[in-house]
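Good morning, and thank you for coming.

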Amino acid sequence: MTTKIGVIGVGHLGQHHARIYTELLDARLVGVADSDIDRAHFIGEHLGVPAYSSLEELIRRKSPDAISIVVPTSQHYAIAKTALEAGIHVLVEKPVTIRPEEAGELLEIANKKNLVLQVGHIERFNSAIRYISQVQCQPIYLDSRRTCPFTGRINDVGVVLDLMIHDIDIIMSLVNSPIAKIAATGACVFTDYEDIADAQITFENGVLAHILVSRCAEKKCRQLEIVERERQVTINYEQQSVQISRCVNNSEGQVEIRETPVFPKSEPLKLELADFVRCVREKGKPIVGGYEGKRALEVAVEVLRQIHESTRSEGVRLAG
């Protein structure tokens with residue numbers, strides 16, 4: 001029996017959620033909804049499913065088992081809460097909510113009703129990250145850079161909740177230790193939100209992490225470097241590639257050896273949605289559930305607090 005799924009929000013990313021559900025064998029897209037009803041009809045007609053203007057109407061007409069929520073972050077909490085209270089499994093795009101207490105409430109409802117609450121941290125399903133997660137990794141320092149030119153597509157949050165939260169989640173999944181200290185700065189350039197942010201995280205086990213995100217760069221960069229005691233691992237998110245460098249001694253002295261592991265590459269979003277459908281069918285635990293989503297959000301909120309404090313002392317006002 002297939003899982004009946006609806007998609008709420010069919011803009012730039014939501015349209016791909018809807019498309020992929022039509023490609024998964026264990027899922028059946030039963031409808032899409034968007035506050036822009038013309039957009040909903042356009043996507044619905046293209047995929048051969050009915051279109052609605054709200055979640056409530058989709059629930060009333062189609063009774064989905066699960067939904068993807070792909071709307072502006074400020075709407076995540078209200079829509080996810082409505083769905084969970086109606087007994088519907090939820091995948092909500094990152095960040096899970098604006099405030100950690102909202103995420104905690106959603107997690108409590110999902111646990112009480114035995115529902116899946118998955119958060120759309122798509123980079124966890126990047127083939128390079130999946131490879132690294134399966135091999136022994138003991139970082140002592142991590143350096144993450146996620147930059148791109150300004151497009152104006154995301155206008156309701158800054159780069160911390162839009163971009164950095166990906167890297168926070170990945171780094172916390174690789175470093176098995178509580179956080180001891182966070183230091184962060186940022187600046188607004190094109191918007192009233194932070195367009196550049198720089199954070200340094202110190203973990204209780206001594207591991208250090210540096211994260212730089214920007215939507216003011218001339219070119220796109222998505223890279224993570226993991227420094228270990230005897231090797232360095234470089235991950236390119238766009239190419240879904242991994243390069244491992246290490247130095248060895250031979251008769252001629254010290255020589256650098258570089259390895260490029262070969263592994264299957266797949267569309268990260270398709271893997272993420274397939275995992276969601278599997279969890280719904282098997283009542284399984286998502287790779288990135290409500291707890292992980294809330295944990296990453298808590299760190300992001302602390303980063304934002306420090307950025308706001310530093311900019312306030314300099315007489316700069318940020319939105320949010």
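How many aromatic pairs does the structure hold? The structure, which is a predicted model, holds 2 aromatic pairs. I will describe one of the pairs, formed by Y131 and F263. The ring centres of Y131 and F263 lie 4.9 Å apart and the ring planes meet at 20 degrees, so this pair is stacked, planes under 30 degrees apart being counted that way. The pair links distant parts of the chain. Y131 belongs to helix α6, while F263 sits in the loop between β14 (253-259) and α8 (268-282), 132 residues apart. F263, by contrast, is buried, with a relative accessible area of 12%; the cut-off for buried is under 20%.

Let me stay with helix α6, which spans residues 127-134. Which residues of this helix are buried? They are S127, A128, I129 and I132. The cover over the buried residues of α6 includes the helix α7 (159-174), together with β11 (221-227), β12 (232-236) and β13 (241-250). The N-terminal end of α6 is capped by N126. A side-chain oxygen of N126 lies 2.9 Å from the backbone nitrogen of A128.

I mentioned α7 as part of that cover, and M164 is a residue of this helix. M164 counts as buried, its relative accessibility being 0%. Setting aside residues up to four places away in sequence, M164 touches V159, A197, D198, A199, I211, V213 and V303. M164 and T147 are 17 residues apart in sequence, and their C-alpha atoms are 9.8 Å apart in space.

Another contact with an aromatic ring involves a charged side chain. R146 lies over the face of Y237, at 4.8 Å from the ring centre.

I turn now to a pair of helices, α4 (residues 76-85) and α5 (residues 100-113). How are they oriented to each other: roughly parallel or roughly antiparallel? The axes come within 10 Å and cross at roughly 10 degrees. Angles under 35 degrees count as roughly parallel, and α4 and α5 are therefore roughly parallel to each other. On the α4 side, the residues that meet α5 are Y77, A80, K81, L84 and E85. Their counterparts in α5 are E102, E105, L106, I109, A110 and K113.

One of these residues, E102 in helix α5, deserves a word of its own. At 12% relative accessibility, E102 counts as buried. Leaving out residues up to four places away in sequence, E102 touches Y77 and T97.

Finally, I would like to consider D34. Where does this residue lie? D34 is in the loop between β2 (27-33) and α2 (37-47). Is D34 buried or exposed? D34 is buried, with a relative accessible area of 13%. Its side chain reaches the backbone nitrogen of D36 at 2.8 Å. Apart from neighbours within four places in sequence, D34 is in contact with G9, V10, G11, R39, A40, Y52 and S53. D34 and V71 are 37 residues apart in sequence, and 8.5 Å apart in space from C-alpha to C-alpha.

Thank you for your attention.

Note on methods:
Residues are numbered from 1 along each chain as its sequence is written. This is a predicted model: local features need pLDDT of at least 70, side-chain atom pairs count only at pLDDT 80 or more; totals for chains, interfaces and linings use all residues. Side-chain values use heavy atoms; hydrogens and water are left out. Buried means under 20% relative accessible area, exposed over 50%, partly exposed in between (1.4 Å probe, protein chains only). Helices (H or I, at least four residues) and strands (E, at least two) are DSSP runs, numbered from the N terminus. Contact means heavy atoms within 4.5 Å. A polar contact is a pair of N or O atoms within 3.5 Å; within protein, one must be able to donate a hydrogen and the other to accept it, and residues adjacent in sequence count only if both atoms are side-chain atoms. Rings of Phe, Tyr and Trp (its six-membered ring) pair if their centres lie within 6.5 Å; planes under 30 degrees apart count as stacked, over 60 as edge-to-face and the rest as tilted. A charge sits over a ring if NZ of Lys or CZ of Arg is within 6 Å of the ring centre and within 35 degrees of the ring normal. Axes are lines fitted to C-alpha atoms, for helices over the stretch in contact, and angles run from 0 to 180 degrees between N-to-C directions. Angles under 35 degrees count as roughly parallel, over 145 as roughly antiparallel, 65 to 115 as roughly perpendicular and the rest as oblique.
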